[in-house]
Amino acid sequence: LECHNLQHDHLKTLIIETADLNNQNLAQICNLKLPALEYFELWLGRQLYDTTSFDSLTPVLSAKSFPNLSYLGLRSSEFTDLLAETITESSIIKQLTGLDLSMGNLTDYGAKILLNCPEINQLH
């Protein structure tokens with residue numbers, strides 16, 4: 001998957017379903033310039049081994065790449081608890097109306113983090 005420097009001013013939905021996503025691909029995807037994107041679903045898969053790879057999510061979680069994002073799906077992750085923690089501490093959580101962390105390994109720890117985040121109450 002090569003998608004660096006891709007820009008689209010009108011794309012509203014992007015779904016990338018994969019089981020083999022490395023950090024380089026993740027960084028390229030998260031740095032796409034898609035200012036109109038509202039719905040983003042990304043299957044992280046089992047290849048995202050290094051938890052430092054979460055730095056690649058920064059452009060998405062800060063709303064830099066996708067400023068109009070209202071639905072975020074980060075599915076099939078082996079680090080769902082860390083995702084929950086990262087998302088609840090990010091600025092993107094305030095603008096989301098939908099969050100999907102399904103098909104990952106969310107534990108009670110991650111669920112408590114989500115439930116203790118006041119912004120979770122705004123989700124549909």
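Good morning. I shall begin with one tyrosine: Tyr39 is partly exposed, at 26% relative accessible area. Please keep in mind throughout that the structure before you is a predicted model.

The partner of Tyr39 is Tyr71, and the two rings form a stacked aromatic pair. Their centres are 4.0 Å apart, with 5 degrees between the planes. Tyr71, for its part, counts as buried, with a relative accessibility of 17%. Where do these two residues lie? Tyr39 belongs to strand S2, residues 39–45, and Tyr71 to strand S3, residues 71–77, so the pair ties together parts that are 32 residues apart in sequence. Over the whole structure, the search finds 2 aromatic pairs.

I turn now to helix H3, which spans residues 80–88. Which of its residues are buried? They are Thr80, Asp81, Leu83, Ala84, Ile87 and Thr88. These residues lie on the same side of H3, because they cover an arc of only 160 degrees around the axis. As a general point, an α-helix has 3.6 residues a turn, so residues three or four places apart point the same way. And what do the buried residues of H3 pack against? Their contacts include both strands of the tyrosine pair, S2 and S3, together with helix H2 (58–61), strand S4 (98–100) and helix H4 (108–115).

Finally, the cysteines. How many disulfides does a search of the whole structure find? The count is 0. For Cys117, the closest cysteine sulfur is that of Cys30, 20 Å away, which is too far for a bond. Both residues count as buried: Cys30 has a relative accessibility of 0%, and Cys117 one of 6%.

Thank you for your attention.

Technical notes:
Residues numbered from 1 in each chain as written. Predicted model: local features only at pLDDT ≥ 70, side-chain atom pairs only at ≥ 80, totals over all residues. Heavy atoms only, no water. Phe/Tyr/Trp six-rings, centres within 6.5 Å; stacked < 30°, edge-to-face > 60°. Helix = DSSP H or I, 4+ residues; strand = E, 2+ residues; numbered from the N terminus. Buried < 20%, exposed > 50% of the residue type's maximum accessible area, 1.4 Å probe, protein only. Arc of directions from axis to C-beta. Contact = heavy atoms within 4.5 Å. Disulfide = S-S within 2.5 Å.
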